Amino acid sequence: MEDTQYVVLKKDRFEEFIAALSSMQKLVAPVAKGFGAYAFEEVTSADPIALNYIPTILPLKKYFMPQRETLLEFTLDRRSHAEAVVEYEPLTIFGAHTCDLAGIQCLNMVFSERPKDYNYLLRKGTITLIGLECNDYCDEYASCHLVHASFPSGGYDLLFTDLGDYFMVHINTVSGDRIVRTAGLCEGAGSAHMNELRSLRDRKRTVFRNEVPIKTKLIPELFDAVFGARVWDNLNERCLACGNCTNVCPTCYCFNIKDELDLTLARGIRYRVWDSCQLEPFARVAGGINFRKERSARQRHRYYRKFRYPVDRFARFFCTGCGRCTRACMADISLKETLSELIKESEERVWKKWL
Amino acid sequence: MEKVVIKDSGYRLKKATILRTKNLTRNEKFFEIALKDGSSLDHEPGQFIMVSLLGIGESPISVCSSPSRRDSFDLCIRAVGKVTRRLHTLKKGDEIGIRGPYGRGFPVNIITGNDLLIIAGGLGIAPLRSLITYVLDNRRDFGKVHILFGCKEPKEMLFSDELEQWSQRTDLHYACTVDRADPEWAGNVGVITTLIPGVDIEPLRTFAAVVGPPVMYTFVIKELLKKGIPKRQILLSFERNMACGNGKCGHCQIQNLYVCQDGPVFNYEQIKNLSEAF
Ligand SMILES: Cc1cc2nc3c(=O)[nH]c(=O)nc-3n(C[C@H](O)[C@H](O)[C@H](O)COP(=O)(O)OP(=O)(O)OC[C@H]3O[C@@H](n4cnc5c(N)ncnc54)[C@H](O)[C@@H]3O)c2cc1C
Ligand code: SF4
Ligand code: SF4
Ligand code: FES
């Protein structure tokens, strides 16, 4: 039986496919940067693309909400005038892992909630997303299964699954379909291909297990019980408040807004720039009061923004299990360890009843 | 890189003109402002706006006038940093940008028909002035109205002319206190909580509206609960760091709540278990 949603791209045509993609519009893909690190960068051929990569240093949010983004352009002459603008660059992203697709799904929810953020939404509309399924764990820092991000669940135009000498390609949108037709390099998927995809997924189900000893659906209850946990005090001693963990997180979207004048002082821009709840001034107000003065309170806030608050607002976790925060932390603070410690500490008290 | 102008951006500014200014104290200045296109700000008592100075930045500021006055609105601004200090140098005829109004103000439709106990500490009188003037404009719709005002010293008293007028009105009960008196001061001395036990209210039909510095809340709430006012009827306005006003930037969060969108006015029932609120 043929499933029109699936096509096959033979590996020996991959090079041609990438060339076709890059001739359509700017194409970015994961590229090795040395020291085991990867980054999404512009590519024009398949050569530099790393098909086997661990999550890139910065997640895809850098394309959806750039680190620094102009919101207003203004002139300051006698009749000063300001105009709201959005800057964007049509783009195809190739090779997004399921965790990073989940990250974009989170951001989509945030920025389409009213009041809508049209800077984000307009730019998002110009980005084509091609996913690449993970057949195995990238490294020991990942916790994607815990948060249901280890298997594809939408959020892409096309999804590539590596099945040896060919890719299975899932066509999820009409723009994905258009790409496949324009490139004209794929062939229909037969039942043998579908069986291979199915057995890969079956094998994955034996490999991917909750990386932390808790049932996913109990995580909100865990967080309801640990606001006052000692674990946060321990983080207070260790965290350097550098903000690396939030910068690299695909679902951290906090920002600040700043003004900048050009050299003539007659023109300027208002822009937003990534900010971090881990930095000391983030919640400080006039008069010097700081509502999250302690690093423990700021770390706790980060975890609650991943595992508790968005559950009420968006009915999902805002952690994709990508492991970036753990890889990036200079103080060796590990997400999986922190969760395990929270579970352990809560066991002593209320947690017992769920075991 | 391509670029388009977006009309419905949440960061687009409305032009506004300063009609009148007045120095209230050494640090606080009053501004009467009108939108340039002649439209009304159309705010609710307790809401705030983002005030913008191009090239300098934006600050969240409470609207301190009643929405019943439609052709202009008032702000009362304390000079503390780069935006607010520059605002203090502006005068009649100068232009500023604004966006908003933002957030949830005092639920006047729900308060209607009940008694009102208004408690203002220091600059907290600014957001409450929008409620007080609204209530006075619609005085018949409300029951008894009590206003308690406290500040550090007599010379820090904001809107003293208006406070004086309010104290003369027969349809209001007004009391004020200062933490430290000066030689001319003949009134109460002591923190604002000392005024609460003396007010005669019917707790179940009274809404309390409280705005002041963060330290004030815990003590005032305790007194109000002692009086028997239900938690849902204790209304508090919160100040937090804010960059966007649109519920996105994260600066204003109190645990799972965004002060800019879910607040700034909350009832005590909503926030009583949030340790980041107090
Ligand atoms: C809902 C709301 C209503 C307010 N209403 C009034 C009002 O009616 N009158 C009034 O005078 N003030 C009001 N404020 C406080 C006012 O917004 C801040 O004093 C002002 O933003 C400081 O900006 P600045 O550029 O002058 O100071 P900055 O130079 O930016 O900073 C001075 C100090 O203020 C802190 N700060 C910076 N940005 C903010 C911010 N956005 N919010 C709070 N603190 C900040 C800084 O951490 C620093 O400690 C209100 C604040 C909120 C949240
Ligand atoms: S919290 Fe850490 S593991 Fe979770 S999405 Fe963010 S960076 Fe990835
Ligand atoms: S990366 Fe590590 S040290 Fe830096 S703020 Fe995050 S938890 Fe703290
Ligand atoms: S001020 Fe940006 S989220 Fe509230």
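Colleague: How many positive and negative side chains does chain A have, and how far apart do the centres of the two sets lie?

Modeller: This is a predicted model, to begin with. Chain A has 49 positive side chains and 46 negative ones. Lys and Arg count as positive, Asp and Glu as negative. The centres of the two sets are 6 Å apart.

Colleague: What share of chain A counts as buried, and how do you know?

Modeller: Buried means under 20% relative accessible area. In chain A, 55% of the 355 residues count as buried. The accessible surface of chain A comes to about 15600 Å², and 50% of that belongs to carbon and sulfur atoms.

Colleague: Which secondary structure elements does chain A have?

Modeller: Chain A has 13 helices and twelve strands. Among its contacts with a separation of 6 or more, 73% join residues 24 or more positions apart.

Colleague: How do you know that the domains of chain B are in contact?

Modeller: Contact means heavy atoms within 4.5 Å. By that cut-off, 17 residues of domain 1 of chain B are in contact with 17 residues of domain 2 of chain B. Domain 1 covers 14–102 and domain 2 covers 108–237. Their centres are 24 Å apart, taken over C-alpha atoms.

Notes: Residues numbered from 1 in each chain as written. Chains lettered and ligands numbered in written order. Predicted model: local features only at pLDDT ≥ 70, side-chain atom pairs only at ≥ 80, totals over all residues. Heavy atoms only, no water. Helix = DSSP H or I, 4+ residues; strand = E, 2+ residues; numbered from the N terminus. Buried < 20%, exposed > 50% of the residue type's maximum accessible area, 1.4 Å probe, protein only. Areas by Shrake-Rupley, 256 points an atom, 1.4 Å probe, with all protein chains shown as cover. Charge placed at Lys NZ, Arg CZ, Asp CG, Glu CD. Domains from an automatic or database assignment.
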